[in-house]
Amino acid sequence: MTMGTAPIILWFRRDLRLHDHPALVAACDSGRPVIPVFIHDETVEAMGAAPKWRLGLGLARFAKALEGQGSRLILRRGRARDVLEALIAETGAEAVYWTRYYDRAARARDSEIKASLKERGLEAQSYPGHLLFEPWEVETGTGGPYRVYSPYWRAVKDRGVDAPLKRPDAIPAPSDWPASEALEDWAMGAAMRRGAEIVARHVHVGEEVALGRLGAFVQHKIGAYKEERDFPAVDACSGLSENLTYGEISPRVIWHAGWRQMQDGARGAEHFLKELVWREFAWHLLYHFPEMDRANWREEWDAFGWRGDNDQAEAWRRGLTGEPFVDAAMREMYVTGTMHNRARMIAASYLTKHLLTDWRVGLAWFADCLIDWDPASNAMGWQWVAGSGPDAAPYFRIFNPAGQAEKFDTDGTYRKRFIAEGNRHAPDTARAYFEAVPRSWRLAPSQAYPKPVVDLAQGRARALDAYEARKAAD
Ligand code: FAD
């Protein structure tokens with residue numbers, strides 16, 4: 001085949017959409033046949049139970065969307081480089097295009113693949129699409145990366161975000177399709193067990209649904225977003241993190257929707273854009289500090305007396321600490337696959353401070369349970385709460401979960417929504433927790449609610465003592 005007609009392999013990863021997709025547009029504009037591919041490689045293998053299951057749902061939906069355009073999604077399992085080599089040999093493709101992803105594993109894999117394809121005289125092109133700004137595009141006055149959010153926000157807010165691209169009218173198909181594996185054979189939900197059935201009631205899969213969600217948010221909720229976003233019982237947020245994670249919606253589309261609202265004077269719109277930029281900032285940090293998801297960002301925290309995994313952390317994971325706001329948060333994650341942002345902060349603070357447990361124990365559990373798991377935002381969130389992160393809250397500012405409940409869940413609606421013990425009229429969401437957790441835990445809504453695993457005042461004092469000891473060792 002000549003360059004003019006040889007197919008392009010379009011390698012999809014966390015960009016499962018047709019709208020605003022620079023790599024897809026470039027492939028279609030080339031006039032060459034396009035072979036969309038998804039590879040179940042070791043990075044997929046390494047995913048936690050809930051995000052892997054949710055990715056499987058996204059792939060099924062996206063394959064249908066491609067079929068609607070006369071195309072297909074070819075599924076292959078194996079090391080990405082080997083799979084691409086095999087596909088190139090089978091199809092005569094002379095180019096591979098993909099959307100960039102910026103965690104450590106993806107960057108190492110992608111640069112190796114790019115170099116090896118280029119060495120063989122093949123075209124290897126990576127494109128933006130996951131973020132508003134490429135992580136290296138935003139620099140401080142002195143040329144380095146940002147470490148603090150507020151100046152980062154000031155640097156990007158008026159920078160201008162390119163207009164989103166339209167979805168292509170058609171995706172040119174090859175005359176022969178390479179074979180595809182069957183998604184069912186990948187058993188993406190294997191590790192979810194009972195939870196899949198429960199969480200399935202709460203997922204919002206695919207780009208049409210995501211765009212609809214954005215539209216509804218902008219129309220009905222953005223005005224009150226700033227005032228209401230901190231109250232976990234109120235449906236005040238967009239829920240779009242689930243879709244952003246798999247690339248089912250483009251951040252540029254969200255940005256422009258928010259920006260238009262801001263121009264029109266909608267209250268809350270600027271605050272919403274600021275939150276979206278927290279996601280950018282998280283990726284900016286992870287790109288420049290690739291160890292952020294496994295090492296204390298501030299080295300002095302290596303000397304801190306974190307406890308490793310322990311029985312109280314297990315009670316935390318199970319939603320059985322006896323601290324109602326914390327348990328409601330952890331149970332929300334079992335039942336819905338997500339957790340409200342305020343609840344994430346409180347649950348994370350309780351684990352790292354009252355239970356004095358290493359933030360990486362919590363980070364790993366969130367990575368296993370969140371359908372919106374995002375390596376950058378998760379790592380930034382945990383290090384921020386733990387006090388070890390670049391722009392972190394000071395460790396000695398310890399959230400009191402009972403006080404937080406008073407303030408942000410005054411009438412107890414959120415806690416009632418997820419805690420059934422002692423409540424004969426508990427809603428389905430509270431009962432669903434007992435269906436989602438393993439039978440071996442032998443839990444029932446009729447049982448008594450657990451006693452606190454730690455006294456809040458004692459937990460706080462222990463955390464502050466550990467902090468003083470670390471400071472003394474500095
Ligand atoms: P909205 O309030 O509607 O905000 C719009 C978008 O802005 C979100 O979809 C998200 O992309 C971004 N955003 C909002 N808040 C944050 C934030 N604090 N940090 C980064 N981006 C933000 N978010 C994830 O997407 N995946 C994670 O794995 C994740 N883990 C977290 C762990 C901890 C300990 C903490 C404290 C926060 C974590 N977050 C994570 C951030 C935040 O909780 C979620 O992004 C938010 O709850 C998503 O809900 P939403 O889409 O309704 O947000």
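Me: Over how many bridges do S1 and strand S4 pair in the parallel sense?
Reply: First, this is a predicted model: local features need pLDDT of at least 70, side-chain atom pairs count only at pLDDT 80 or more, and totals for chains, interfaces and linings use all residues. Residues are numbered from 1 along each chain as its sequence is written. Strands are DSSP E runs of at least two residues, helices are H or I runs of at least four, both numbered from the N terminus, and two strands pair if DSSP finds at least two bridges between them. S4 covers residues 95-99, Ile 9 stands opposite Val 96 there, and the parallel pairing with S1 has four bridges.

Me: Which residue in S2 is the bridge partner of Ile 8?
Reply: S2 (residues 34-40) also pairs with S1 in the parallel sense, over five bridges. The partner of Ile 8 in S2 is Val 34.

Me: How many residues of S1 are buried?
Reply: Buried means 20 or more other C-beta atoms within 10 Å of a residue's own (exposed is 12 or fewer, partly exposed in between; C-beta atoms are placed from the backbone). In a regular strand the side chains alternate between the two faces of the sheet. Here Ile 8, Leu 10 and Phe 12 point one way and Ile 9 and Trp 11 the other, and all are buried. For S1 (residues 8-12), that's five of five.

Me: What percentage of the residues in the protein chain is buried?
Reply: The chain has 22 helices and five strands, and its C-alpha trace spans about 75 × 55 × 45 Å along the principal axes. Of its 474 residues, the buried ones make up 48%.
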